[in-house]
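I opened a new model today and kept notes as I went. The entries below follow the order in which I looked things up.

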Amino acid sequence: MPHILIQHEVEDFASWKEIYDSRADVHDAAGFKELQILQGLDNPNNIVVLFFNANIEKAREFLNSDDLKQAMEGAGVIGAPQIIELQ
């Protein structure tokens with residue numbers, strides 16, 4: 001069962017979450033099922049998102065897409081995200 005864990009910092013969690021939620025259809029089309037969103041205790045703008053995706057190749061394609069990079073920039077993601085594939 002492939003899972004994807006993504007960790008990154010954002011400028012403002014509320015702004016990021018609004019944009020993230022508006023892209024639910026894009027995540028669904030790429031096969032991502034959100035399992036949990038967590039925020040850092042000391043820094044609520046440090047975010048961890050855990051997803052399930054049955055098609056790891058499709059997940060990798062989406063994670064490397066220009067669309068996602070642009071969306072993350074627009075949502076205020078700071079720096080490169082850490083992406084970990086799990087099973």
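This is a predicted model: local features need pLDDT of at least 70, side-chain atom pairs count only at pLDDT 80 or more; totals for chains, interfaces and linings use all residues.

**Strands and hairpin**

I began with the hairpin: E2 and E3 form it, with six residues between them. My element names follow DSSP runs, helices (H or I) of at least four residues and strands (E) of at least two, numbered from the N terminus. Residues count from 1 along each chain as its sequence is written, and side-chain values use heavy atoms, without hydrogens and water.

I looked up the strand pairing next. Two strands pair if DSSP finds at least two bridges between them. E2 (residues 33-39) and E3 run antiparallel and are joined by six bridges. Leu 38 has Val 48 in E3 as its bridge partner. E1 and E3 also run antiparallel, with seven bridges. There I noted Glu 9, whose bridge partner in E3 is Asn 46.

**The two faces of E3**

Which residues of E3 are on the covered face? I found Ile 47, Val 49 and Phe 51 there. The uncovered face has Asn 46, Val 48, Leu 50 and Phe 52. In a regular strand the side chains alternate between the two faces of the sheet.

I checked Leu 50 separately. Leu 50 is partly exposed, at 23% relative accessible area. The classes are buried under 20%, exposed over 50% and partly exposed in between, with a 1.4 Å probe and protein chains only. Contact means heavy atoms within 4.5 Å. Neighbours within four places in sequence aside, the contacts of Leu 50 include His 3, Leu 35 and Leu 86.

**The core**

I then turned to the largest nonpolar core, which has 19 residues. Such a core is a set of buried Ala, Val, Leu, Ile, Met, Phe, Trp, Tyr and Cys residues joined through side-chain atoms within 4.5 Å. Trp 16 and Phe 32 touch the most other members. E1 (3-10), H1 (13-22), E3 (46-52), H3 (56-63) and H4 (66-74) each supply at least two residues of this core.

What does Trp 16 contact beyond its neighbours within four places in sequence? I listed His 8, Val 10, Ile 37, Ile 47, Val 49, Ala 75 and Val 77. Trp 16 is buried, with a relative accessible area of 4%.

**Helix H1**

In H1, I found Phe 13, Trp 16 and Tyr 20 buried. They cover an arc of only 65° around the axis, so they are on the same side of H1. That arc is taken from the directions from the helix axis to the C-beta atoms. Ala 14, Glu 18 and Ser 22 are exposed on the other side of H1. The cover over the buried residues includes E1, H2, E2, E3 and E4 (77-86).

**Aromatic pairs**

I counted rings of Phe, Tyr and Trp (its six-membered ring) as paired if their centres lie within 6.5 Å; planes under 30 degrees apart are stacked, over 60 edge-to-face and the rest tilted. That gave four aromatic pairs. Phe 13 and Trp 16 are tilted, because their ring centres are 5.6 Å apart and their planes at 35°. Being three residues apart in H1, Phe 13 and Trp 16 are separated by about one helical turn. Phe 13 is buried at 18% relative accessibility.

Phe 32 and Phe 62 form a tilted pair too, 5.3 Å centre to centre with 55° between the planes. This pair links distant parts of the chain, 30 residues apart: Phe 32 is in the loop between H2 (24-29) and E2, and Phe 62 is in H3. Phe 32 is buried at 5% relative accessibility, and Phe 62 is buried at 11%.
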